[in-house]
Amino acid sequence: MGTGRRLADVAKFEGILTDCRYFKGFKPCWPHKKFGQRCLGCKHYRPTRTRVLLIKLAAMGDVVRTASLLGPIRAKYGSDCHITWLTSDEGFQILRRIKGIDKLIPYNGKSQVSIMVMKFQAVICLDKEPESTAIAVAVEAEERYGFGMDQYGNTAAMSDSAREAFQLGIDDEAKTLSCLTYQQLCAKMIGVEEPDDYPFFTGFKAKEEIGKVGLNYMAGDRFFKKWKGWEKLAELLKERGYKPEMQEQRRSIMDYVGWVASCSCVVTMDSFGMHLGIALRRRVVTIFGSTPADDIDMYGRGVKLVPDSDCLGCYRKKCFRDTPCYELITPEQVADAVVEIMEGVPCTAE
C-alpha cells in the first residue's frame, strides 16, 4: 500500500477536517492546544465553504485602502468565507495587524508555488503589475474579478465589471474627470457594497500625542508633489499652540506607521502617509494638485485643500508651469485647516 493511501486512510479514520479555518496541517490547531479538542465533535469547528483569493501587492497606499473592502467581500461571500490575501513584504507587516484576513501570504517564489496548488471560488486582483495579473489568470478559480494578463503579456480586464477601471488606468483625461473614489471603483469591479470605513488596525505600540501635528512632507516621485510652505506652516502651528513635527527617514515601515499613529493630525500630500493616517483614524489635512481629490475618501476625518487651477489631476511627474498648482495653497490656509479639524473632529482610534 502506498504512503499516500495510508495517509488518506488515517485522515478518514481520525476524521480530520482539513476544511476548518483553524486547521494548519503542520502543527496542532489552537482548539487542540488549548482545550485538547479533536476534529470530530469539536465545538470550534468552522468549515470554510467559500475561499477567496485577494491579490494586492503594489502601491502601499492602495494596499491600505484595499483593507476597507474586506467587510464588503465577506458580506458577499458569507461570514464563514475564507479570505487569502497575497501581498508584498511591506504590506504583510501592516496587514497582519488587522482583522478579517484568514491567511496572509507575502509574495515570493515559495508563495507562488503554494498559491498555484490552491483552489478558490473567486480571485480578485486589484493590481496591474505582471507578477500579480499572471497569478490571477493561472490560479484555479470559478470567478475572476479585476485585472489579469492576456496572451500578449499585457494587463487586461478579467470581467465586464473591471472595464471601467481598466479604461481609467490608461486614459489620464478620463481618470481626471471620474468622480469615483478608489474604494467605489474597486467595489464596482468586485460587485460588493461600497465600504463605510476601514477595519481597525490593532497592535501598534504608539499612542496619540495630543496636539502633535505630523508634517508628512516626503512623497513618492511617481507624480509631481512638491509644496514649499512646510517651514512656515511649522511656525504658524507653534504660534497656535500645536506641536509640529517634521517627517524623518524611518528605520522601517513599521517605525513610520508608529510615527503616523502618534500624531493627532497629519498634514500631507496625496501619499502613503495620507492613506495610513485615514486608516489609523487620525485627522488628516491633504494638499492636492497633480492627483485628483475626488479619488480619496476621508471618511469624515480629513480636509482636502484643492488649489484653484485648470491643470488639477494632470498626473505629471514634472510641472512645466511657472507657478505649480501646489503653491496656490498658502501656509495660512493649511494652518487654518489644521485648527478646524483639530477642534471639530475627534480622534477615533482604538
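Student: Before we look around, what counts as a salt bridge here?
Tutor: A salt bridge is a side-chain nitrogen of Lys or Arg within 4 Å of a carboxyl oxygen of Asp or Glu. Keep in mind that this is a predicted model.

Student: Okay! Which residue does arginine 240 meet in a salt bridge?
Tutor: Its partner is aspartate 336, and the N to O distance is 2.6 Å.

Student: How many salt bridges does the count come to?
Tutor: The count is 17 salt bridges.

Student: What does glutamate 140 pair with?
Tutor: Glutamate 140 forms a salt bridge with lysine 119, and their closest N and O atoms are 3.9 Å apart. This pair also links distant parts of the chain, 21 residues apart: glutamate 140 is in strand 5 (residues 140-149) and lysine 119 is in strand 4 (residues 119-125). Glutamate 140 is partly exposed at 46% relative accessible area, and lysine 119 is partly exposed at 49%.

Student: And what about arginine 251, where does its side chain go?
Tutor: The side chain of arginine 251 meets that of aspartate 255 in a salt bridge, at 3.7 Å from N to O. Arginine 251 has a relative accessible area of 78%, which means it is exposed. Aspartate 255, at 22%, counts as partly exposed.

Student: Which residues are joined into one network by shared partners?
Tutor: Those are Arg21, Arg74 and Asp102, joined by salt bridges that share partners.

Student: Switching to helices: how do helix 12 and helix 13 cross?
Tutor: The axes of helix 12 (residues 253-261) and helix 13 (residues 272-279) come within 10 Å and cross at roughly 60°. That angle makes helix 12 oblique to helix 13. The crossing is right-handed.

Student: Which residues make the contact?
Tutor: From helix 12 you have Ile253, Tyr256, Val257 and Val260. Helix 13 brings in Phe272, Gly273, Leu276 and Gly277.

Student: What classes do those contact residues fall into?
Tutor: The contact of helix 12 with helix 13 has 6 nonpolar and 2 polar residues, with no charged ones.

Methods
Residues are numbered from 1 along each chain as its sequence is written. This is a predicted model: local features need pLDDT of at least 70, side-chain atom pairs count only at pLDDT 80 or more; totals for chains, interfaces and linings use all residues. Side-chain values use heavy atoms; hydrogens and water are left out. Helices (H or I, at least four residues) and strands (E, at least two) are DSSP runs, numbered from the N terminus. Buried means under 20% relative accessible area, exposed over 50%, partly exposed in between (1.4 Å probe, protein chains only). Axes are lines fitted to C-alpha atoms, for helices over the stretch in contact, and angles run from 0 to 180 degrees between N-to-C directions. Angles under 35 degrees count as roughly parallel, over 145 as roughly antiparallel, 65 to 115 as roughly perpendicular and the rest as oblique. A crossing is left-handed if the near helix is turned anticlockwise from the far one by less than a right angle, and right-handed if clockwise. Contact means heavy atoms within 4.5 Å. Ala, Val, Leu, Ile, Met, Phe, Trp, Tyr, Cys and Pro count as nonpolar, Asp, Glu, Lys and Arg as charged, and the others, Gly among them, as polar.
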